[in-house]
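Welcome, and please load the model in your viewer.

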Amino acid sequence: MELKWGSVSLLSAKAYLIDPLKQEEQIKSIIQLAKEFEAFSGKKGEVCAIHDYSNKTTTLLAGIGDGGMTNSENVRRAVAKLIQLAESKKIKTLGIYLKGCPYEIVQVVAETVVMSSYRYIEYLSNPVESNLKSVLIESDPETEIAVLEGRIIGQAVCTARNLVNEPSNVQTPEKLADEVCKLGKECGFEVEVYGPKDIHSFGMAALEAVGKGSPNPPRLIVMRYKGDPELDSTVGLIGKGVTFDSGGLNLKSGQRFITMKHDMAGGGTVIGAMCAIARLKRRVNVTAIVAAVENLISGIAYKPGDIIGSMAGKTIQVNSTDAEGRLTLVDAITYAIQKEHVSSIVDIGTLTGAARKIMGEFGAPVLGNSEKVWKKLEIAAERAGELVFRIPLVEDARSKMKGDVSDLVNTSLAETGGMVTAALFMDEFIDGTPWMHIDAAGPLWLDKDMPYTPKGGSGWGVRTLINYASSMQ
Ligand code: BES
Ligand code: ZN
Ligand code: ZN
C-alpha cells in the first residue's frame, strides 16, 4: 500500500474523521444523511459508508468521539476502522481529508494507515490480494512533512513485525544480522556484526553459554547512528535477540513453545526504532545492540548447575537454562558500557512470563535505576499510545540472586517475583549507568488481532523508542 500527501478532491472515495461536537461544515449534509438512517452520530468506534450512486462517489465517516482530535488513541482506532471499511468496500484509492488538523494528529493518521494495512504474507503461496492500493492524505501544507514522518514511523513498526514473524528456521542469528546490515544501508545507520570468535575474545561467556547448544552460532549486532557528532552523549538501546527459545535443557512445553520465534522481538523493536530514527535524521546519537542467539538443546548445550563467566567478570550459576534472556542481555550491557561508552541504557525484551501475567498484551512493566530515563520513557510511551508502568527494583529481593558457590545465580529458586529478580540480576551489571528495563513479554506478541495490529509480532515499543530517542536531542 502506498501512502502520499496531496489533494483528494478528484478521488471518488474520501474519508473524514468526525468529532461529534464539531461537525465539519463541508460535510454537514453527509453527516445529516448518515444520521437520518440512524447509522452514525460520530461516537467513538462508529463508522459508516455513504454511496452517491449518481456521482459514483463513496464517503466514509469514522467517529472519534468526544475529545475529538485531542485524543490520539481514538484517532488511531478510527483510522484502523476506516482502513478495514475501505478494504471491505473494495476501494482502491482512498483520500483522507485532514485540513485543519494539528501536526501531531496528521502524523498519527499516517502512521496508523501504514500500521493497519500490514499483513504477513511471506509464506502464503496464494495470498488474497488487498483491494486498497493507495491512500492520499490531504492536510494543511505545513503538515505535509507529518505525512512523510508518519509513514516512516509506520514502516518502522512493520519492519519490526516482519522480523518477529519470520520463522526461526530461516531467521538464524546470522540471517538476522544480514538483514540488519541491509536495513542499515537503506535507512542510514552503521552496522557492525561480531561473530563467535569476536564474542569469545570480548569475554562474553554468558552469551556464548546460551548459544552453545545450537549449530547456528551467535552474532553481536551493533548499530550506530550519529545524528549529532558535536554531542558527546550517546543513547543506548539494547534488545533481547533470542531467535528461538526452546528453554534449553529446562525444555519448554505446550502452546507457548510454538510462538518462541518471537523471543527476539525486543531486538526487532530496537532495530525498527533505529530505522526510523535514522530516516527521520534525528539530531541525537544512538547505539543499539542486539545479541542474536538461539537457545537449543544438544550434547554440548549449557546445563542447569553450570557455572559460567560473563564479560564483566562475574560468575553465574545457571539455575535455569530457560532464564537465558538476562544472560545474553548482561553481556550486551557490559559491551555497551565498556566498548560503546553509552550514556544511558534502555533495554527491551520478552524476559518473563511473570510480566505477561500482570497486564497481558496491554502493557509492559519497566524497572530500573533512573528517574530521568523513566520520565522520558513514560512521556514517549504516552505519546505513542503504548502503556508502560513502573515497578520498583525491590532491594530486599537482591539477595535471592546471589550464589553460594558463584557470584550470582541466573534465577531465584522461589517461584514468585520473577520479573523483579530478572531486573535485579541485570542491575548487577549496570555499573551505575542510568538504565531502565522494559519487560515486554506481554505486548510484543499477540495471540489475537488488536485495533491497528494484527496477531503475531506487534512491533510494540518501536514508536515509544523513537519518541524516547528523539526527546534526547
Ligand atoms: N522467553 C521467555 C519468557 C516468555 C514467556 C516470553 C512467555 C513470552 C512468553 C524467557 O526466556 C523465559 O523462559 N523466562 C522464564 C524465566 C524463569 C525460568 C525464571 C519464565 O518467565 O518462565
Ligand atoms: Zn527462556
Ligand atoms: Zn527467552
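Start by selecting α2 (72–88): this helix gives four residues to the lining of the second largest pocket, the largest share. Keep in mind throughout that this is a predicted model.

Next, show Val114, Ser116, Ser117, Tyr118 and Arg119, which lie nearest the centre of that second largest pocket among its 24 lining residues. About 590 Å³ of space lies there. Colour the lining by class and you will get twelve nonpolar, six polar and six charged residues.

Now move to the largest pocket, with about 840 Å³ of space. Its lining has 33 residues, and those nearest the centre are Asp322, Leu351, Thr352, Gly353 and Ala354. Two or more lining residues come from each of β9, α10 (325–338), α11 and α13 (418–427). Select α11 here, as its four residues are the largest share of this lining. By class, the lining divides into eight nonpolar, 14 polar and eleven charged residues.

Which pocket holds ligand 1? Ligand 1 sits in the largest pocket. In the shell around ligand 1, β9 (235–245) and α11 (353–359) are the elements giving two or more residues. Colouring this shell by class shows three nonpolar, six polar and nine charged residues.

Finally, zoom in on the polar contacts. Side-chain polar atoms of Lys252 and Glu324 each lie 2.9 Å from an oxygen atom of ligand 1. At Leu351, look at the backbone instead: one of its polar atoms is 3.2 Å from a nitrogen atom of ligand 1. The protein covers 81% of the 520 Å² of accessible area that ligand 1 has on its own.

Technical notes:
Residues numbered from 1 in each chain as written. Chains lettered and ligands numbered in written order. Predicted model: local features only at pLDDT ≥ 70, side-chain atom pairs only at ≥ 80, totals over all residues. Heavy atoms only, no water. Polar contact = N/O pair within 3.5 Å; in protein donor to acceptor, adjacent residues only side chain to side chain. Areas by Shrake-Rupley, 256 points an atom, 1.4 Å probe, with all protein chains shown as cover. 1 Å grid on protein atoms, 1.4 Å probe; cavity = no way out; pocket = protein on both sides within 12 Å on 5 of 7 lines; lining within 4 Å. Sits in = over half its atoms within 2 Å of the grid points. Nonpolar A, V, L, I, M, F, W, Y, C, P; charged D, E, K, R; others polar. Points joined across faces, edges and corners; volume = space filled by probe spheres on them.
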